[in-house]
Amino acid sequence: MSSSKRSNIFNRSTLTQFSLVILIVIIVGLILFSYPDPYAPLRPQEQYSLFARTVLVTDADGLGNNVTYLVGGVEIKMDLVTSSGLRYALSIETNSSGVAVINITSGYYRISVSDWWSGYILLNKQTTINITKHDFTQQPSSLDIFSLSRNWTISAGAILEASYENKAGIPIEIDSVIIANEKIFRPRQGVEPASEWRGTYTVPNNVSVPWSAANKSLMVTLKISYTEVSIHH
């Protein structure tokens with residue numbers, strides 16, 4: 001075979017291969033552009049309003065005199081539950097009246113309300129959600145004091161062991177412990193109904209309480225909270 005014929009055959013083969021590559025690229029491109037969005041709904045989604053209200057009930061004086069507030073500035077975050085996990089949808093804060101109106105498409109969502117509460121909600125109609133946080137002060141169910149000084153004074157370095165029995169009938173959280181006006185923070189600890197919480201603490205500096213006055217003063221108080229949620233469709 002002459003060199004010119006071999007050259008023509010080679011050129012035709014190269015042109016054919018190049019044409020096939022272009023055809024494959026076009027086909028792949030058409031498939032990618034026509035392939036549906038993995039998050040695209042199978043049918044058109046409708047939009048609904050979620051009306052949220054945040055309320056705080058607290059005994060500010062520690063004497064059981066409850067006061068109710070509508071709380072603004074509480075962040076509400078919503079994540080759409082998909083087959084591949086959670087997908088961020090939106091976040092909004094309640095206004096000065098403790099209210100947030102959220103317009104969002106139908107679906108199953110995980111909703112988080114600041115550090116008050118988180119849960120799941122199905123939105124397929126107009127919905128109202130009321131979130132009420134109860135924040136109160138309580139004395140321990142029992143209190144043991146160790147390592148008293150020689151003059152019978154409760155002071156820095158003394159060991160306190162406190163316990164609290166949850167009689168509320170719903171889960172509660174121990175937010176912090178107050179020792180003679182000194183607040184001690186630890187990770188919030190959940191206490192199930194009919195269960196007992198127990199914690200051991202070292203008396204901080206700048207605390208000095210005579211033993212004779214310990215039972216007459218609020219030597220140790222607990223900051224306790226729980227959240228109630230009601231959903232209405």
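This is a predicted model: local features need pLDDT of at least 70, side-chain atom pairs count only at pLDDT 80 or more; totals for chains, interfaces and linings use all residues.
Residues are numbered from 1 along each chain as its sequence is written, and side-chain values use heavy atoms, with hydrogens and water left out.

View 1. Helices (H or I, at least four residues) and strands (E, at least two) are DSSP runs, numbered from the N terminus. Of the 233 residues, 34% are buried. Buried means under 20% relative accessible area, exposed over 50%, and partly exposed in between (1.4 Å probe, protein chains only). The accessible surface comes to about 14800 Å², and carbon and sulfur atoms account for 54% of it. Accessible areas come from the Shrake-Rupley method with a 1.4 Å probe; for residues, only the protein chains shown count as cover. Among contacts with a separation of 6 or more, 63% join residues 24 or more positions apart. Contact means heavy atoms within 4.5 Å.

**View 2. An open sheet of 4 strands runs in the order β4-β3-β6-β7.** The pairing is antiparallel. β4 (85-93) and β7 are the edge strands, and each pairs on one side only. From one strand to the next, the twist averages 25°. For such angles, axes are lines fitted to C-alpha atoms (for helices over the stretch in contact), and values run from 0 to 180 degrees between N-to-C directions. Two strands pair if DSSP finds at least two bridges between them. Strand β6 (residues 107-113) meets β7 over 7 bridges, in the antiparallel sense.

**View 3. A nonpolar surface patch brings together V81, L86, Y108, Y120 and L122.** Together they have about 460 Å² of accessible area. Like charges are joined within 9 Å, nonpolar side chains (Val, Leu, Ile, Met, Phe, Trp, Tyr) within 5 Å. L122 lies in strand β7 (residues 117-123). L122 counts as partly exposed because its relative accessibility is 45%.

**View 4. T94 sits in the loop between β4 and β5 (99-105).** Is T94 buried or exposed? T94 counts as buried, because its relative accessibility is 5%. Leaving aside residues up to four places away in sequence, T94 touches T54, V71, G72, G73, V74, I76, V99 and A100.

**View 5. An open sheet of 3 strands runs in the order β9-β11-β14.** Here too the pairing is antiparallel. β9 (142-146) and β14 stand at the edges with a single partner strand each, so one side of each has no neighbour in the sheet. The twist averages 15° from one strand to the next. β9 pairs with strand β11 (residues 159-165) over 5 bridges. S142 has S163 as its bridge partner in β11.

**View 6. N205 touches A156 and E182, not counting residues up to four places away in sequence.** N205 counts as exposed because its relative accessibility is 56%. N205 and A156 are 49 residues apart in sequence, and their C-alpha atoms are 4.9 Å apart in space.

Methods. Patches are made of residues with over 30% relative accessible area and no salt bridge: like charges are joined within 9 Å, nonpolar side chains (Val, Leu, Ile, Met, Phe, Trp, Tyr) within 5 Å. A salt bridge is a side-chain nitrogen of Lys or Arg within 4 Å of a carboxyl oxygen of Asp or Glu.
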